[in-house]
Amino acid sequence: NINFHYVFNFSKDGQGFSVYPLAGFGMQNNFYGKQNAEIDGQHVKIGSTVMANYAAQDGAKTAAVITQLGDDYSSGLGNFFKNAFVKLVGEDSIVAEEQFQTNQTDFKAILTNIKAANPDVIFAPSSIATAPLIIKQARELGITAKIMAGDTWENGSIIENAGADAEGVTLSTFFDEGDTSNAVATDFIKGFKEYLVANGQDETL
C-alpha cells in the first residue's frame, strides 16, 4: 500500500480548503515534493519535506521556523523543514528561528523578531491549541507571510478560533483515498491510478 501526503490551504472557495496532492511514500510522481522513501514511520520527515518543496515551488526565497521547546514532534518537523528548504533555496534562506515554551500564549516577542526578518513563509508546527494564537497574533502584528504547519493543523477548531485570520494557512497531512467529498482529490486518484498502470505498476493505493 502507498500512503500520500497532500497540502491544503484554508480558503473561501465554498469547501473550506483546496487540495494539492503530493508525492507518496516509495515512489515518485510529477506533483509537488518528489519523494522516494520507504514506509518506515518517517511521516515527520516526509510531511515537513513536502512543505519545504511546496514553499520553494510557490516562489518562497526565505523562511522562518517556530518550534516548541521540549516537543520532539514540533522540533523534528522544524528541523526537517529547515534542512530541506536550505537544500532547495540556499544557505541563507532561513532568516529566523524561534522557540516557545509549553503552554505559552503570548507570541508577540518571537513574532516581532520574525516580522523584522521579513520571511516569505513561516513554518510553525505546533499544537491545535497553540495554532490559532500564533496565526491571530501574527496577523495582528501585520505579518503577511504565508503561515504553514504539519498535520495537527488540519483540525477544524483552528479555523473556528483563528477566524478570518486563518485564510491562506497551508499545511501537510495524510491523503485519504476513500474521501470523495472533494472533486480535486477524486480527480487526482483517477489520474494517479492511470499513471501507475501506464508505468506497469499495480493501481492499488
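**Exercise 1.** Determine in which sense strand 3 and strand 4 pair, and over how many bridges.

*Solution.* Step 1: locate strand 3 at residues 63–68 and strand 4 at residues 94–100. Helices (H or I, at least four residues) and strands (E, at least two) are DSSP runs, numbered from the N terminus. Step 2: apply the criterion that two strands pair if DSSP finds at least two bridges between them. Step 3: the two strands pair in the parallel sense, over 6 bridges. One of the bridge partners in strand 4 is Glu97, which faces Val65 in this pairing.

The model is predicted: local features need pLDDT of at least 70, side-chain atom pairs count only at pLDDT 80 or more, and totals for chains, interfaces and linings use all residues. Residues are numbered from 1 along each chain as its sequence is written, and side-chain values use heavy atoms, with hydrogens and water left out.

**Exercise 2.** State the handedness of the β-α-β unit that contains helix 2.

*Solution.* Step 1: the unit consists of strand 3, helix 2 (residues 72–89) and strand 4. Step 2: a crossover is right-handed if, with the strands pointing away from the viewer, the path from the first strand over the helix to the second runs clockwise. Step 3: this unit is right-handed.

**Exercise 3.** Identify the buried residues of helix 4 and what covers them.

*Solution.* Step 1: buried means under 20% relative accessible area, exposed over 50%, and partly exposed in between (1.4 Å probe, protein chains only). Step 2: in helix 4 (residues 130–140), Thr130, Ala131, Pro132, Ile134, Ile135, Gln137 and Ala138 are buried. Step 3: their cover includes strand 3, strand 4, helix 3 (108–117), strand 6 (146–149) and helix 5 (156–162). Just after helix 4, Gly142 takes a positive phi of about 85°.

**Exercise 4.** Which residues of the largest nonpolar core touch the most other members?

*Solution.* Step 1: a nonpolar core is a set of buried Ala, Val, Leu, Ile, Met, Phe, Trp, Tyr and Cys residues joined through side-chain atoms within 4.5 Å. Step 2: among the 24 residues of the largest core, Ile66, Leu111, Ile114, Ile122 and Trp153 touch the most other members. Step 3: strand 3, strand 4, helix 3, helix 4, strand 6 and helix 5 each give two or more residues to this core. Helix 4 supplies the largest share, 4 residues.

Key: Contact means heavy atoms within 4.5 Å.
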